[in-house]
Structures are given as C-alpha cells and as structure tokens.
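Hi,

Here is the structure I promised to hand over.

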Amino acid sequence: MNDNENLPGNIVGIGTDIVECLRIAQMIERHGEQFINRVYTPLEISYCQTRKASTQHYAGRWAAKEAILKAIGTGWVKGISWRDVEVRNDKSGRPVVGVRGGARDAVEHLGIRKILVSISHCRSHATAYAIALGPQVTRERGD
Ligand SMILES: CC(C)(COP(=O)(O)OP(=O)(O)OC[C@H]1O[C@@H](n2cnc3c(N)ncnc32)[C@H](O)[C@@H]1OP(=O)(O)O)[C@@H](O)C(=O)NCCC(=O)NCCS
C-alpha cells in the first residue's frame, strides 16, 4: 500500500455501508467474545472497548469493513475474513485502513495502492464510506 499521502491515484472503487447500532449491540449480547473476536482485530477491540459508547465504535468499524469490501469490489468472497480488514486511528483520530490475508491478496491483485475511509456514528446508526485508489495518475507534460 502507498503511504505517500500526497500522491493522487485513480479511483478504482467506492463503497458505502450503514448499520443499526442496535443490531451490533444484539450480536455482541448474543454471541459475546465469539462475535467480537471473529469480526474485529485486537487493536480494534482495544480501541472500541476503551470508548464510552463502544457499540457505536464497533458499529462504525462494521460499516467501514463492509464499505471497504465494496470499494475493493470483491465483496465477502471465500478467503477474505472480517479481520483481514483493520481500521486504525491515527493521532488525530482519522481512520486508516490496513489489509492482510485474503483482502491483501485481492488488493494487490487489483492494483489498489491505498484505501481511504470515513466513518460517522450516532446512537442509532453508523455509516462509512470508502474509496480505493489505484496507481498514481501520470499526466503528460505540455510545453
Ligand atoms: C473528527 C470529528 C469531526 C468527528 O465528528 P463527530 O460528529 O464528533 O463524530 P462522527 O460520529 O461523525 O465521526 C466519528 C468518527 O470520525 C473519525 N475521525 C475522528 N477524527 C478524525 C479526523 N481527524 N479526521 C477524519 N476522521 C476522523 C473517526 O473514524 C470517528 O469514529 P471512530 O472513533 O469510531 O473511529 C470531530 O470529532 C473533530 O472535529 N475532532 C477534532 C477535534 C477533537 O478531537 N476534539 C475532541 C477532543 S478535545
């Protein structure tokens, strides 16, 4: 993945998702750690658990993972698991996407260099929007 923030790339995919926070709360209540450990990475779990409205942050990450899979364009196919897509937060709180395993293979195969995501949540819903960027755009120079 390209870490250079200043390099623009062709948009090769977009994705969005919305989820009811109540739905995530019910999954956590019914399936507990089994659900959490299947969907979220240890880093995501520790981020959400330390927030006051942890369900909203879990729901935001759920929406982000769905949006990212849509942006990649494969959807949840065999070989890609929830934990292959990780949402971290940088120092400013901005979400940053990491991929591994099957998701990383798909991203590399498709020539995706960077994935951007934006998350929003309130008491009722969480939503996310993702953009997958391809290689740097090259422009021909005209004299
Ligand atoms: C970023 C900000 C606009 C978020 O808006 P909001 O209406 O409070 O909350 P939303 O539900 O719409 O968005 C929350 C998500 O914004 C994202 N976010 C947080 N900081 C961000 C930033 N600097 N850039 C982009 N996205 C950011 C996160 O993904 C967060 O969800 P997460 O914590 O589950 O990962 C707002 O928190 C802000 O201005 N923050 C900067 C100042 C700040 O941190 N103040 C609080 C400390 S005093």
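Let's start with helix H1, whose buried residues are Cys 21, Ile 24 and Val 39 (buried means 20 or more other C-beta atoms within 10 Å of the residue's own, with C-beta atoms placed from the backbone). They pack against strand S1 (9-20), H3, S4 and strand S5 (125-136); contact here means backbone-placed C-beta atoms within 7 Å. Helices (H or I, at least four residues) and strands (E, at least two) are DSSP runs, numbered from the N terminus.

Before you go further: this is a predicted model, where local features need pLDDT of at least 70, side-chain atom pairs count only at pLDDT 80 or more, and totals for chains, interfaces and linings use all residues. Numbering runs from 1 along each chain as its sequence is written.

H1 also has a kink of about 120 degrees centred on His 31 (the angle between axes fitted to the seven residues ending there and the seven starting there). H1 (residues 21-39) spans only 15 Å between its end C-alpha atoms, while a straight helix of 19 residues would span 27 Å at 1.5 Å a residue, taking 1.5 Å times one less than the number of residues.

As for the ligand, its surroundings include His 57, Asn 89, Arg 94 and His 121. Helix H3 (54-72) and strand S4 (114-121) each give two or more residues to that shell, and S4 has the largest share, with 3 residues. "Near" means a backbone-placed C-beta atom within 6 Å.

Cheers

Note on methods
A residue is buried if 20 or more other C-beta atoms lie within 10 Å of its own, exposed if 12 or fewer, and partly exposed in between; C-beta atoms are placed from the backbone. Two residues are in contact if their C-beta atoms, placed from the backbone, lie within 7 Å.
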